[in-house]
Amino acid sequence: MTVLLGPSHIAMVAKGVSAIVASRDAALRPSIMRAVGSHISGDEQEVTVYLRRSQSEQLLQDIAHTGEIAVVFSVPSTHQTLQLKARRATQRPAHDGDVPVLQAYLQSMVQEVGQVGYGPQYVAAMLAAPLQDVVAVSFTPTSAFDQTPGPRAGAELCAPPSPPTPQP
Amino acid sequence: MSTAAPSLHSIRPCLEGAIPAVMATCDPDGTPNVAYISQVVYVDATHVALSFQFFNKTRQNILRNPRASVLVLDPLTAHFYRLHLLYERTEDCGPVFESMRAQLAGIASHSGMAEVFELRGADIYAVEHIESVAGEGLPAPAPRSGLLHTLRLCSESIARCTGLDELLQGALQGLQHKLGIEHAMVLMLDASAQQLYTVASCGYATSGVGSEIRLGQGVIGMAARERTPVRISHMTHAALYSHAIRESMDAHAAPDAPPLRGMDIPYPGLPEPHSQVAVPLLSAGRLLGVLFAESPEDMRFGFEDEDLLVAIAGQLAAAIDLLQAAPDAPEPLPAPTAAPPVSGSALRVRHFAANDSVFINDDYLIKGVAGAIIWKLLRDHQHTGRVDFTNRELRLDPALRLPDVADNLEARLLLLQRRLQENCPHIHIEKTGRGRFRLCVLRPVVLEDA
């Protein structure tokens, strides 16, 4: 894929900031849930978001059926916001190897959300995620949008050179 | 998952704007979109209003595919709820829009985004279903206890009042002592002038009685114009909601009137209010005025404070209406009393017919109907020596130009009484019974009709 994200956006996703995931069903009804973790691969091509199955049944089902995924990343203290989209995402249960990622995400969020006035206990409750309940959803972004509030909100960061591959 | 779907009412803490909500929509081509929204506002048991600020992807999607999913978070328990919504319409004026616009101005100032946060519309959505999302969360804090009892105490003290002055003071004291609201005021509507005037206040360095606010100006004027509560949780720098720019009342004077100084009674409000709530005083569908409270703290007034103030305002408005409409006293006029002894240097009282403004020794006292009243009282007093007057004769006097209905005569007399108390202790007005009062002039008076 084309490199959509510049260094600052990659750093933002890698750091672990607020991440909200959406999809939709066959009738175009949207589904939504907050992620309990996020990660960007070392080659900066693949993004993984972690969801709790018990909190995201419809969303996971929609992603499985349609492949469609949209994720918005946002820094609470600065409102810097980025949305990534893809038409194909894969799911797998989280395992022990994901624990450091989830822990690092939680720590980053405690710091980020702490800056806007919510304590560590609150953030821990918000992101509580027993490993057996967690699903990792991975995708390669095919489009990216700057959504920082303001007149430029919604601007596409870099258009892909060719249309995305249609779903089978 | 909880068994019963929560009601919109039960998740109201999530709709206070403490934590931004997120919204998913879907393009007709099947691409989902997710975005933050500044406000999810409770409209009624089955509707919410979301703020429409930008023509963005969310906007495009919702106009073509009206289904939305919104995730909200309880700011105390960290419990998530999902709202399944169906877009109905957009309002760009009216009570919901204006109260959201005021709130947004506060949020925008607080988050340093005043320039980019402008409300274009209030998008009204039907709530089809609310899902309680699984999760451990934090234990819910104990509910605020005793709110109903507080309301009862305020209600009892309002119900005991027999006069307008007592009523307004009693209501403000109730806010101070029973609700811990230190800064508050009551403003009455002058319908013909399309403005509100402060008639009672508490917690300010100066009472500000007589200060005026146009309908639509600031939090107070907007609550009056739209007849809706307006609540702001963070200080706003938006000119529309700030009283910092105080209009000189001289601008309203007739063009040929001589330049007058000081015809602007300063608005008494806090210099830097962080939380404000203005509630219209409505009785039998008529707007009588506004009950207003503010605080130097952020997020001082929650939706429960608003509920409580709306309930108090309802009873206060009914009582104001009733006390003003009650027939004047049936008992005979008291025996004429001798005027109190007059001594000291003469007071120079000037009256400007153009706006009925009255100045005492060059200091502005009052204008409008209250100005016309004091001028009539002083003239009658000077010509005939009388000191006892009735509301009834004021109502019948065509020179005072009182409206036929809702003349607010009691409120205007109270305003006059207060202005005299604060600015001219040598002239005062005392109530001598229902619908009657006495004018006490302690210094010689020289009247000049300018």
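This is a predicted model: local features need pLDDT of at least 70, side-chain atom pairs count only at pLDDT 80 or more; totals for chains, interfaces and linings use all residues.
**Entry 1: where the chains meet**

Next I looked up who takes part. The contact draws on 42 residues from chain B and 37 residues from chain A. I then asked which pieces of chain B hold these residues.

**Entry 2: pairs across the interface**

How many salt bridges cross between chain B and chain A? The rule gives me one. I tracked down a pair with one partner in each chain: Arg52(A) and Glu136(B) join their side chains in a salt bridge, N to O at 2.8 Å.

Strands E1 (21–26), E2 (32–37), E5 (67–73) and E6 (80–91) of chain B each give at least two residues to the side that touches chain A. Sorting that side by class, I get 25 nonpolar, 10 polar and seven charged residues.

**Entry 3: chain B as a whole**

Nine helices and 20 strands are found in chain B. Its C-alpha atoms fill a box of roughly 85 × 50 × 35 Å along the principal axes. Of the 450 residues in chain B, 55% are buried. The accessible surface of the chain is about 19200 Å², with 55% belonging to carbon and sulfur atoms.

I also checked how far apart in sequence the touching residues are. Among contacts in chain B with a separation of 6 or more, 68% are between residues 24 or more positions apart.

**Entry 4: helix H5**

Is helix H5 of chain B enclosed or open? Eight of its nine residues (218–226) are buried, so the helix is largely enclosed by the rest of the structure. I listed some of the buried ones, including Val219(B), Ile220(B), Met222(B) and Glu226(B). Just past H5(B), I spotted Arg227(B) with a positive phi of about 50 degrees.

A search of the whole structure gave me 36 salt bridges over all chains. I picked a few to follow by eye.

Lys57(B) and Asp27(B) pair at 2.5 Å, N to O. Lys57(B) sits in helix H1 (residues 57–64), while Asp27(B) is in the loop between E1 and E2, 30 residues apart. I see Lys57(B) as partly exposed at 28% relative accessible area, whereas Asp27(B) is buried at 6%.

Arg348(B) and Glu448(B) form another salt bridge, with the closest N and O atoms 2.9 Å apart. This pair joins strand E14 (residues 347–352) to strand E20 (residues 445–449), 100 residues apart. Arg348(B) is partly exposed at 31%, and Glu448(B) is partly exposed at 29%.

I then turned to Lys431(B) and Glu410(B), whose closest N and O atoms are 3.4 Å apart in a salt bridge. Lys431(B) is in strand E18 and Glu410(B) in helix H9, so the pair ties together parts 21 residues apart in sequence. Lys431(B) is partly exposed at 48%, but Glu410(B) is buried at 11%.

My last stop was a network of salt bridges linking Lys376(B), Asp380(B), Arg386(B), Glu393(B) and Asp397(B).

Conventions:
Residues are numbered from 1 along each chain as its sequence is written. Chains are lettered from A and ligands numbered from 1 in the order in which they are written. Side-chain values use heavy atoms; hydrogens and water are left out. Contact means heavy atoms within 4.5 Å. A salt bridge is a side-chain nitrogen of Lys or Arg within 4 Å of a carboxyl oxygen of Asp or Glu. Helices (H or I, at least four residues) and strands (E, at least two) are DSSP runs, numbered from the N terminus. Ala, Val, Leu, Ile, Met, Phe, Trp, Tyr, Cys and Pro count as nonpolar, Asp, Glu, Lys and Arg as charged, and the others, Gly among them, as polar. Buried means under 20% relative accessible area, exposed over 50%, partly exposed in between (1.4 Å probe, protein chains only). Accessible areas come from the Shrake-Rupley method with a 1.4 Å probe; for residues, only the protein chains shown count as cover.
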